[in-house]
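The entries follow the order in which I looked things up.

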Amino acid sequence: MATALSLSSSSFLHHCAKPTSRIGLSFKAKASLSTSSSPMATTAEKVAPAIIVGGGRVGKALQDMGSGDDVLVKRGEPVPLDFPGPILVCTRNDDLDAVLESTPKSRWSDLVFFQNGMLEPWFESKGLGDADQVLAYFAVSKLGEPPIDGITDTNPEGLTAAYGKWASAVAGRLRAGGLSCKVLEKDAFQKQMLEKLIWICAFMLVGARHPGATVGVVEKEHRSEVSALIAELAGAAAAEKGIVFEGAMEERLCAYSRAVAHFPTAVKEFKWRNGWFYSLSQKAIAQGKDDPCPLHTAWLKELKIV
């Protein structure tokens, strides 16, 4: 919303090409408001020390937002037992099992997951049902470069959100880095997580049907396709989770697509993204019910993804 250009890392937004002038201007405007009276002030907040798992673009950016007393843990290294504070996990989704194995079980409650996609089944399988999460809507174009806030014309206050016991500490760190971050309760966070999942699944699948299409091209030239898919996936997610989404979802997701119009499209990390919706289809069909996502299923088959 966070993959280089393969879109397979911890957050989709973490892996973009060179920022467009639109996002660059948005970032400059946001940064210019970071005064002592601003909620995004970089001088007013003390950043809590953290363990950062993953030394890529996002992990390095989070470390740069700190006060110099963080601990960076790279691939294969153990997570310290006696370092207090949050453990910010910025790895690929497929590395999560290894991260958990490298983390003392007494510290699992301090893990904060920055990954994109549907993590709930994995959390439940590991006994992490109420895990801390961050929906990271910011871009880090290259290792060591400052992050760019993924604000949109429908959400100028920013879209990044955090949930859990360390949410306030994470929000403070991001604000110290000039980024926005909301702290949400579980229900509100889940809705936003699902919206982001719907965005990735819809725009990536429609884009894959039109080789070479960027997110911006999908929003501009294939709006009817992506609109139909958004509606279908939103209905399936709402029914499965027993929730009601806020109105104007399509407008929010298309606004975000305009803000990151240069992103390429590809169906990646199927297990963590489109695979969740396909599992809803499989479950319904096995029960003799109609497929809740027939368009999604048809297009996955068209592209020989399933």
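**Entry 1: strands and sheet**

I began with strand β5 (residues 132–135), which is covered on both faces: Asp132 and Val134 are buried on one side, Gln133 and Leu135 on the other. I took buried as under 20% relative accessible area, exposed as over 50% and partly exposed as in between, with a 1.4 Å probe and protein chains only. Strands (E, at least two residues) and helices (H or I, at least four) are DSSP runs, numbered from the N terminus.

I noted that this is a predicted model, where local features need pLDDT of at least 70 and side-chain atom pairs count only at pLDDT 80 or more, while totals for chains, interfaces and linings use all residues. Residues are numbered from 1 along each chain as its sequence is written, and side-chain values use heavy atoms, with hydrogens and water left out.

Next I looked up the neighbour of β5. Strand β4 (residues 111–113) runs parallel to β5 and is joined to it by two bridges; Val112 stands opposite Asp132. Two strands count as paired if DSSP finds at least two bridges between them.

I then traced the sheet. It is open, has seven strands in the order β2-β1-β3-β4-β5-β8-β9, and its pairing is mixed. β2 (71–73) and β9 (182–183) each have a single partner strand and stand at the edges, so one side of each lacks a neighbour in the sheet. I also checked β1 (residues 51–53) against β3 (residues 87–89): they pair in the parallel sense over three bridges, with Val53 opposite Val89.

**Entry 2: whole chain**

I recorded eleven helices and nine strands. Of the 306 residues, 55% count as buried. The chain exposes about 12700 Å², and carbon and sulfur atoms supply 55% of that area; the areas come from the Shrake-Rupley method with a 1.4 Å probe, and for residues only the protein chains shown count as cover.

**Entry 3: aromatic rings**

How many aromatic pairs does the structure hold? I found nine. The ring centres of Tyr163 and Phe189 are 5.9 Å apart and the planes are at 35°, so this pair is tilted. Rings of Phe, Tyr and Trp (its six-membered ring) pair if their centres lie within 6.5 Å; planes under 30 degrees apart are stacked, over 60 edge-to-face, and the rest tilted.

Tyr163 lies in strand β8 (residues 161–163) and Phe189 in helix α6, 26 residues apart, and the pair links distant parts of the chain. Tyr163 is buried at 10% relative accessible area, and Phe189 is buried at 2%.

I also listed one aromatic cluster, formed by Tyr137, Trp199, Phe203 and Tyr256. The charged end of Lys196 sits over the ring of Tyr137, 4.7 Å from its centre. For this, NZ of Lys or CZ of Arg must be within 6 Å of the ring centre and within 35 degrees of the ring normal.

Lys196 is in helix α6 and is buried, with 2% relative accessible area. Its C-alpha atom is 9.6 Å from that of Met118, 78 residues apart along the chain.

I found Ser227 in helix α8, buried at 16% relative accessibility. Its side chain reaches the backbone oxygen of Arg223 at 2.7 Å.

Which residues of helix α11 (residues 294–302) are buried? They are His296, Thr297, Trp299 and Leu300. Their cover includes α6 (186–208), α8 (223–241) and α10 (274–286), where contact means heavy atoms within 4.5 Å. After α11 comes Lys304, with a positive phi near 60°.

Terms used. Polar contact = N/O pair within 3.5 Å; in protein donor to acceptor, adjacent residues only side chain to side chain.
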